[in-house]
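Thanks, everyone, for making the time; I would like to walk through one model this morning, going contact by contact.

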Amino acid sequence: MLNYTLRRLLMVVPTLLILVIFAFYLMRLAPGGPFTSERPLPPAVMANVLERYGMDEPLHVQLWTYVSNIVCCFDFGPSFSQKDRSVNDVIAQGFPVTLTYGFWSAVFVLLLGVPLGIIAALRHNGFWDYTMTGLAIFSQIFPNFVLAPLLVLLFTLSWGLLPGGGWNGGQWQYIVMPAIALGTSYMASVARLTRGSMLEVLGSPYIRTARAKGLPERTIILRHALKPALLPTLTYMGPVFVYMITGSVFVDVFFSTGGIGQDFINGAYSRDYAILLGLAILYAVLTFVLTLMVDLLYAWIDPKVRAGLS
Amino acid sequence: MILSAARRRLQSRAFAEEQAPEMVASRSFWADAGQRFMRNRMAIFSVGMLGLLILFSIFGNLFSRWSFEEIDWNVLGRIKEDGGPSLENGHWFGVDELGRDLYARVVQGTRTSLLVGFIAGPVSVLLGATLGALSGYYGGRFDRTVLGAYTIWLAIPYIIFFVVWQAFFGRSMSQMIMVIILVNWTAGLLIVRGQVMMLKNREFVDAARMLGMSDTKIIFRHLAPNVLWVVVIYTSLVIPEVIMMESLVSFLGVGIQEPNTSIGALLSQGASTMTFGTLWQLGFPAAIFVIAQVSLFYIGDGLRDALDPKER
Amino acid sequence: MERRSFFVAALATTFLTMPAFAADVPEGVTLAEEQTFTYRILDEFSSFDPQLIEDTYGSDIARDLFEGLYNQDSDGNIVPGVALNHEASADNLTYTFTLRDDAKWSDGTPVTAGDFVYAWQRAVTPELASPYAWYMELMSIENGAAIIAGEMEPTALGVSAPDDTTLVVNLSQPLPYFNKMVTHATTFPAPKWAIEEHGAQWTRPGNLVSNGAYVLKEHVPKERSVRARNEMYWDNENTVLETVTTLVIGDDAQGLTRWRAGEVDMTDIPAGQYPALANEFPDEAFAVPRLCNYYFNFNLASGPEAFQDVRVRQALAMALDREVIVDRVLQGGQFPAFTFTPAATAGFDVPDVDIAAMTQADRDARAKELLTEAGYGEGGEPLSFTYLYNTNEAHQQVAIVATQMWKQKLGVDVTLENQEWKVFLETRGAQNFDMARGAWCGDYNEASTFLDLLTTESGYNDAKFSNARVDELMADAKSSSDPQPLYTEVEQILAAEMPVIPIYHYSTNLMLSDAIQGWPINNVEQNWYAKDLYRVAE
């Protein structure tokens, strides 16, 4: 197992390198640059600006400088659009924000979605199944850009219970609505996947064997069915979790949380190459860690997978 | 000693034959599945709804008094007061912010969105699922490469990708569908990979191997039916996502162009004015979206139940 | 460097007469206990560094944190800031500002003319690479362009401080409106010692030393920034507001909801919602003129052949019913435009142009005639082209309505093409379009900020319009004491040639809580100073 983990970890560096090279050239192919503006800069001013950010060098030199600055000093460069800040500053300030509301959002999704799915599976095609599916649908038909204004209308404008936005260092009042708005549609997906995989597991030979042995239903479900049934859900949640903790542009913009979710989008629109590359690397590292964790989870739950990996 | 006894048992011909019913998809599998699906009333009802939606998108225009791009100058500027659904002026669904007939626009938008959703969604998932299955089955270096590509692809700034695509290939419906598939090919990859990783060490796969079956045959004949449920559910999750993604892609200039529209575009326009008293602009496109999505839910579940190889 | 002797020339002295310009609280008004003001902006501003700021939100904050030579009053007139008055030499090439001696930085250091010299040199330094260095070029300060190009040392800039309260500026061309340009953030003083001590970190709260009415207290990027009263400010006793908070709320509708919830005192009105809100909140919804125009560019360089025919351009311009666009689509108190320069521009009288005097029915009829004469439209060659705009709800609405008008009135077939902002800029800048959207907001309150755009050399002349007479008139206007007749002639040429179709002139739409008083409604540049505002008790 250790061997397997090490091999996977060895992939990190080449993967990131390919990502950086690919993203770097892709961004430069996009029309417009960070300093393209409504008023075209006079050539002399443009030349100064390009030199200031090292963009007067040939592309491969810029790429080399970028990579070596990261390797030597963990320096991801200055932001083009937020002139007083470096990429490190931007991520250090915004990532804790999205990490917080994203984490709570994931907790919300799992705590509601998984039980919903399990109950629906246990009462397959019964009243509870349809009710739960109905609830799941209900939550999925509210895309966040419809749900968020509704939440604010109710909780802020009508009842005055929660502030309509802001972060304030991450007090709980400021986390509730972003977490719900971000998570609701995923809750439906989680419920559906859990229901599907629970049904799958409940129909499998070894559960049938357990039933034949006369084990109590509760034991069968909690001891034998739950763990393997949760695997597809958790696999699904791996990348979703990465998405959640890096925030959503909609939530960041709508609730003014100040997270990095909006930087993925604003960085692209303003051609802030440095921010975009920094975020791409962060995203890749998180994806890497989460997929590895999910795989290890498989190995932990299923001895045969463990044997297969080693 | 016990171990070797077990191994001997595993290698015996008798064992393989005992496992056979589970591994060989019986000839009547698809027929059975069809029958099981037909028995699921919700699923059949949903198929009917989806059929109606498709008919609506094709023939809906026959019942419209306005074209989807015409501005009704009489209501322009008084949308909030006079722009609601009305039988008198022929705006069955009311008008949009520019006084254009919402009914005609919803019909037109439904056509776009169904086309994009039902092509790009399933194709993306099939791509992802196939790669995931191969990755999970073979493992090793191939698996690590696929995971690497997966990681890179998720991290690529996709807006830039769309913008570059637009710059090089311009705008059209087929460009848009292609772009959406390209961005979504990772859909369902991990989850199918995980399922295959678990299934490939099951007894019935060992047995199939012992019977001398090729890897391809094992994957597509014996493993695929067991992961079909994931593919089906995932597809029903991805289609609505794709329908929403379309509006972003069009926003960036790759997809459709005004005055053409889509359900995604109508929804975001409607949502942006939902607090200003023109709720019908959100309500009607949302209703279409809900019908499509609910139908997909039940069809997905119905298919899952029908395709479950263990429910025989 | 040669310094012009301004003593030999007859001195033209301008004394600013406005005495007080801090919060002007009338008698009998009860001020609120908590003197706070919270306002909403759409997205994060570019910087706190006055020389680096490149957006209006940043400039708004800079005007509170820093004080330049002059400020603006509630009507947009210049009033003393750090400078009390100035003298311009007869040839308008030398400006001498007299600075007040009681201005202080927030750390107690006196504000001197040297701080301005430092800041202005800093703005053009190639190492700082401020994108707004072009503004210093626009101000025509001697050697500015050469320093930006790296041909001269920053110290060669035509600005000097003979003593702590005298600032002398030498210009390379006479600019009659130079004094109006020093209210801009790029020209604000900078604290050399703080910048040298903290480097790039000097704008962080705690490090930032400022000379305006406020100091920076807190900054959470993309969420909020808070500024508090600067006790060292020379006019501190007349400042009423204690704290000013800027909240970033990226969604107009959400901004309005939070305004309704009382979480912000001021927000922009979402597109098209002004009439409804003015009805609901007659005292709190505002639509006031703003120094911006909106127009369509014909591509005269490489566009369709038909656009070379002035009759086609006139026909398309006439068939647009601007009243409908303004009153029934945008609905925010915008002004139908028939001239390029907005009427709100200071010292600008809107010239009479034929198209403005006609009724819309006449215009429609004339448009049909012109198009037929040119051999297009009904009975002639079908006219079709593409209209390019950047993706945005309001631009899209204007585009759709305009194309429907052309289609219905003239039978012209227009395909819409939307592009993402930066792609749009590239495409338009490279003349890869038939017709494209254009808009401009004045850099300073004078007609040349608009009309210069349509000169041959202008970097923003996307229509590629070139008219020798216009170029000549605009060059003359730079040194004329009464440029209005020149501007009138330029506008008349534009109306006759129609290289761009003026559509409307902007208005600012905002919701402002009636508890906040002192807002400069009549300032068409919407340059506001928190020190002029106050909150009354509810």
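This is a predicted model: local features need pLDDT of at least 70, side-chain atom pairs count only at pLDDT 80 or more; totals for chains, interfaces and linings use all residues.

Let me begin between chain A and chain C, where the rule finds 26 residue pairs in polar contact, both residues of each pair being at pLDDT 80 or more; a polar contact here is a pair of N or O atoms within 3.5 Å, where within protein one must be able to donate a hydrogen and the other to accept it, and where residues adjacent in sequence count only if both atoms are side-chain atoms. On the side of chain A that touches chain C, helix 3 (43-52), helix 5 (87-122), helix 7 (144-158), helix 11 (249-255) and helix 12 (261-269) of chain A each supply at least two residues, and helix 3 of chain A gives the most, with five residues. Helices are DSSP runs of H or I, at least four residues long, and they are numbered from the N terminus. By class, this side of chain A that touches chain C has 20 nonpolar, 18 polar and nine charged residues, where Ala, Val, Leu, Ile, Met, Phe, Trp, Tyr, Cys and Pro count as nonpolar, Asp, Glu, Lys and Arg as charged, and the others, Gly among them, as polar.

Residues are numbered from 1 along each chain as its sequence is written, chains are lettered from A and ligands numbered from 1 in the order in which they are written, and side-chain values use heavy atoms, with hydrogens and water left out.

Staying with chain A and chain C, 47 residues of chain A are in contact with 49 residues of chain C, contact meaning heavy atoms within 4.5 Å. The two chains bury about 3800 Å² between them, 54% of it on carbon and sulfur atoms; buried area is the accessible area, taken with a 1.4 Å probe, that two parts lose on being put together, summed over both. Glu38(A), Arg39(A) and Asp84(A) supply 20% of the area that chain A buries against chain C, more than any other three residues. Six salt bridges are found across this interface of chain A and chain C, a salt bridge being a side-chain nitrogen of Lys or Arg within 4 Å of a carboxyl oxygen of Asp or Glu. Arg39(A) also forms a salt bridge with Asp443(C), with the closest N and O atoms 2.1 Å apart.

How does chain A meet chain B? Here 63 residues of chain A are in contact with 60 residues of chain B, and the two chains bury about 5500 Å² between them, 73% of it on carbon and sulfur atoms. Phe145(A), Arg192(A) and Glu200(A) supply 13% of the area that chain A buries against chain B, more than any other three residues. The rule finds three salt bridges across this interface of chain A and chain B and five residue pairs in polar contact. Helix 13 (residues 273-301) of chain A provides the largest share of the side of chain A that touches chain B, nine residues, and by class that side has 38 nonpolar, 15 polar and 10 charged residues.

Which residues does Asp295(A) pair with? Asp295(A) forms a salt bridge with Arg193(B), the closest N and O atoms being 2.6 Å apart, and another with Arg8(A), at 2.5 Å. The pair within chain A links distant parts of the chain, with Asp295(A) in helix 13 and Arg8(A) in helix 1 (residues 2-10), 287 residues apart.

Turning to chain C itself, the domain assignment, which is automatic or from a database, gives domain 1 (7-245 + 513-535) and domain 2 (289-508). These two domains of chain C bury about 1300 Å² between them, 59% of it on carbon and sulfur atoms, with zero salt bridges counted between them and three residue pairs in polar contact.

Finally, on confidence, chain C averages a pLDDT of 89, with 96% of the residues scoring at least 70; pLDDT is the predictor's confidence in each residue, from 0 to 100. Over residues 1-13 of chain C, however, pLDDT stays under 50. For the complex, the predictor gives an ipTM of 0.87 and a pTM of 0.87.
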